[in-house]
Amino acid sequence: MDRRSFLKAAAFGGPAAAVGASAYGLYEAGAVVVERPEVTVPRLPAAFDGLRVAFLADIHHSPFVTLDFVAGIVRTTLALQPDVVVLGGDYSGKEAKYIGPCFEVLAALKAPLGVFGVLGNHDYWHGIAESHAGFRSSRVMELTNAGVWLERGSHRLRLAGVDDLWCGQISAVSALGDARPDDACVLVSHNPDFAEKLRDDRVGLVLSGHTHGGQLYVPGYGAPIVPSRYGQKYLKGLVQAPATQMYVSRGLGTSATPMRFRSPPELTLMTLRSA
């Protein structure tokens with residue numbers, strides 16, 4: 001094709017291509033994928049081998065992420081029958097008025113070992129008081145610089161959470177509590193950049209969201225925008241941090257633009273394995 005023919009085709013095809021790309025981006029934003037990673041956790045007791053953790057990050061309820069969408073996530077999570085459910089922060093995508101209704105829907109989540117969650121930066125930006133109230137009303141246990149012991153017989157696993165890196169005050173020491181060096185510990189932090197400075201050997205795995213997998217991903221290039229100081233490193237999936245391993249979810253909702261491209265929303269059903 002010569003230059004004149006190319007420019008003529010672009011003039012007529014460009015707007016149609018833009019509309020098609022936008023339509024696909026809107027479609028992908030609603031096409032949730034269930035990811036099923038298996039992760040070996042140091043010192044995990046054999047009694048917890050096979051533990052199934054549902055991890056739901058970055059729901060971002062807003063005009064573009066509807067309550068019907070959130071309810072669908074809840075139904076899918078319940079159908080997967082996880083042993084424990086963990087929420088990774090960012091429950092609103094726009095204003096405080098979206099926080100309460102989101103937690104009302106999340107209140108239907110149930111699991112044998114409980115439902116837990118941490119805060120994200122949007123929870124501070126859009127209404128931290130409403131976010132705390134949402135945890136209380138939904139009976140989701142908030143793990144802000146706190147932790148719990150999950151027990152099976154005489155064995156235990158520490159599930160801990162820290163405050164948001166950008167807006168909160170993090171204390172991993174408080175979150176890990178009385179965990180010993182020989183205990184297995186899984187820690188939840190909304191922002192994966194937290195792991196770059198974590199040097200506590202008790203933490204065998206960190207669960208994070210925040211980056212949305214870039215939300216828009218260009219094959220061969222990567223994500224043009226990643227809200228991380230470390231570029232593409234904490235974009236998605238299982239990543240090795242300086243002192244621990246971490247899993248970064250692509251998240252479920254959207255922010256800034258209600259579209260995704262080559263980075264579909266993720267509901268994580270993780271299986272923990274002992275060494």
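User: In which element is Asn 121 found?

Analyst: Helices (H or I, at least four residues) and strands (E, at least two) are DSSP runs, numbered from the N terminus. In this case, Asn 121 is found in helix α4. The model is predicted, so local features need pLDDT of at least 70 and side-chain atom pairs count only at pLDDT 80 or more, while totals for chains, interfaces and linings use all residues. Residues are numbered from 1 along each chain as its sequence is written, and side-chain values use heavy atoms, with hydrogens and water left out.

User: Is Asn 121 buried or exposed?

Analyst: Buried means under 20% relative accessible area, exposed over 50%, and partly exposed in between (1.4 Å probe, protein chains only). Asn 121 counts as buried because its relative accessible area is 2%.

User: With which residues is Asn 121 in contact, leaving aside its neighbours within four places in sequence?

Analyst: Contact means heavy atoms within 4.5 Å. Once neighbours within four places in sequence are set aside, Asn 121 is in contact with Asp 90, Asp 164, Trp 166, Cys 167, His 190 and His 210.

User: What does the side chain of Ser 138 reach?

Analyst: A polar contact is a pair of N or O atoms within 3.5 Å; within protein, one must be able to donate a hydrogen and the other to accept it, and residues adjacent in sequence count only if both atoms are side-chain atoms. Ser 138 has its place in helix α4, residues 121-138, and its side chain reaches the backbone oxygen of Phe 135 at 3.3 Å. Ser 138 is buried because its relative accessible area is 8%. Beyond the neighbours within four places in sequence, Ser 138 is in contact with Phe 103 and Ala 107.

User: Where does Tyr 91 lie, and is Tyr 91 buried or exposed?

Analyst: Tyr 91 lies in the loop between β4 and α3 (99-106). With a relative accessible area of 0%, Tyr 91 is buried. The side chain of Tyr 91 reaches the backbone oxygen of Val 118 at 2.8 Å. Apart from neighbours within four places in sequence, the residues in contact with Tyr 91 include His 60, His 61, Cys 102, Asp 123 and Phe 135.

User: What is the phi of His 60?

Analyst: Phi of His 60 is near 55°, a positive value in a residue other than glycine. His 60 has its place in the loop between β3 and α2, and at 0% relative accessibility it counts as buried. Gln 81 also has a phi near 55°. Gln 81 lies in the loop between α2 and β4 and is exposed, with a relative accessible area of 61%.

User: How many residues has the largest nonpolar core?

Analyst: In soluble globular proteins, nonpolar side chains tend to be buried together. A nonpolar core is a set of buried Ala, Val, Leu, Ile, Met, Phe, Trp, Tyr and Cys residues joined through side-chain atoms within 4.5 Å. The largest here has 27 residues, and those with the most contacts inside it are Leu 56, Val 85, Leu 87, Tyr 91, Leu 106 and Leu 109. The elements that give two or more residues to this core are β3 (52-56), α2 (67-80), β4, α3 and β13 (266-273). The most comes from α2, with six residues. A second, separate core of 25 residues includes Val 39, Ala 57, Leu 143 and Leu 207.

User: What volume has the largest cavity?

Analyst: On a 1 Å grid over the protein atoms alone, a cavity is a set of points where a 1.4 Å probe fits but cannot get out, and a pocket is an open set with protein on both sides within 12 Å along at least five of seven lines; lining residues have an atom within 4 Å of a point. Grid points are joined across faces, edges and corners, and a volume is the space filled by probe spheres set on the points. The whole structure has one cavity of 30 Å³ or more, and the largest cavity has a volume of about 50 Å³. Among the residues that line this cavity are Leu 51, Val 84, Leu 157 and Leu 272. Both β4 (84-87) and β8 (155-161) supply at least two residues of the lining.

User: What volume has the largest pocket, and which residues lie nearest its centre?

Analyst: The largest pocket has a volume of about 320 Å³. Its lining comprises 18 residues, of which Gln 215, Ile 225, Pro 227, Ser 255 and Ala 256 lie nearest its centre.
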